[in-house]
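Subject: Structure handover

Hello,

Here is the structure I promised to pass on. Please open it first, then read my notes below.

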Amino acid sequence: MKTPRLTVLGAGPGDPELLTLKGARVLGEADVILYDALANRELLQHARPEAVLVSVGKRRGMRSFSQDEINALIVEHAHRSGHVVRLKGGDPFVFGRGREEMLYAEAHGLRTDYVPGISSAVAAAGSVGIPVTHRGASEGFRVITATTATGELASSVAEAARSRATTVILMGLGELPSIVRLFCAQGQAETPAAIIQNGTLPTARLVTGTVAELPARALEAGIGAPAIIIIGEVTRLATPAVLTQALPTVFADASYAEVA
């Protein structure tokens, strides 16, 4: 009998080549892979032919597995087949509920392990030339989610609006008008900002402008999820000269093509 166990694995921000070497090895060892919607399906090529592949992706506005159902599947498959790999987009410990799933598995007798992934919070921004920190522009950054577990706007958004550090907001596109109102109320209407959709992928799209301009610019460009929002001076460092070859890009003005 195989030992029932769970490995929570970070799939990275989208580009399949950004999976870690350890991640590729773990996928090749899995008996069952439960994968999220944000995990690039190309990564499943690392799986053994006999591995069981189960999509448990959760997308806003679509019927999907609840977290309770996913937890139950982890335990069920582990006791039936052995090694379950839970493949989650980005890094599972950055708003990914990875440790939550591990704790549930441990409480039901499973051995657990964690393999980090590259977080979209940093990599998606960097892929379009935006560093989350930059000397003279930002000496720190915070990563927040837009909503709480109950779907309400997170209090951390208001806290971030009072700061001048770089703010990276994950899963925030649906709350963009509320986010913009909070930042504008704190005097940040003219603060540079950006939205990146499908960061690190060939289908990536970038919109830049001021905080106040973001909703209109996102609508004009047809930006959709998955996307991250970045607010701060560092967004001036985006690299439009590189991106115009492959990305549909909307820029507020010529100053966004310059490095301050």
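A residue counts as buried when its relative accessible area is under 20%, and as exposed when that value is over 50%. Partly exposed covers what lies in between. By that rule, 48% of the 260 residues of the chain are buried. Please keep in mind that this is a predicted model.

**Overall picture**

The chain has 8 helices and 11 strands.

Start with the open sheet of 5 strands. Its order is S3-S2-S4-S1-S5, and the pairing is parallel. S3 (52-55) and S5 stand at the edges with a single partner strand each, so one side of each has no neighbour in the sheet. On average, neighbouring strands here are turned by 20° against each other, direction ignored.

Inside the sheet, look at S1 (residues 5-10) and S4. They pair in the parallel sense over 6 bridges.

H1 (residues 21-29) lies across S1, S2 (32-35), S4 and S5. H1 runs at about 135° to S4. H2 (residues 67-81) lies across S1, S2, S3 and S4. The angle between H2 and S4 is about 150°.

Next, go to the loop between S1 and H1. Leu18 lies there. Its relative accessibility is 29%, so Leu18 counts as partly exposed. Which residues is Leu18 in contact with, leaving aside its neighbours within four places in sequence? They are Pro13, Ile118 and Thr200. Thr200 is 182 residues away from Leu18 in sequence, yet their C-alpha atoms are 9.0 Å apart in space.

**The aromatic pair**

How many aromatic pairs does a search of the whole structure find? The search finds 1. Phe93 and Tyr114 form it, and their rings are stacked. The centres are 3.9 Å apart, with 5° between the planes. Phe93 lies in the loop between S4 (83-88) and H3 (98-107), and Tyr114 lies in S5 (residues 111-115), so the pair ties together parts that are 21 residues apart in sequence.

Are these two residues buried, exposed or partly exposed? Phe93 has a relative accessibility of 40%, so Phe93 counts as partly exposed. Tyr114 is partly exposed too, with a relative accessible area of 24%.

**Helix H7**

Last, turn to H7 (residues 214-221). Leu214, Arg217, Ala218 and Ala221 are buried in this helix. Just after H7 comes Gly222, with a positive phi of about 70°.

That is the tour. Send me your questions once you have had a look.

Best wishes

How values were computed
Residues numbered from 1 in each chain as written. Predicted model: local features only at pLDDT ≥ 70, side-chain atom pairs only at ≥ 80, totals over all residues. Heavy atoms only, no water. Buried < 20%, exposed > 50% of the residue type's maximum accessible area, 1.4 Å probe, protein only. Helix = DSSP H or I, 4+ residues; strand = E, 2+ residues; numbered from the N terminus. Phe/Tyr/Trp six-rings, centres within 6.5 Å; stacked < 30°, edge-to-face > 60°. Pairing = 2+ DSSP bridges. Axes fitted to C-alpha atoms, helices over the stretch in contact; angles between N-to-C directions. Contact = heavy atoms within 4.5 Å.
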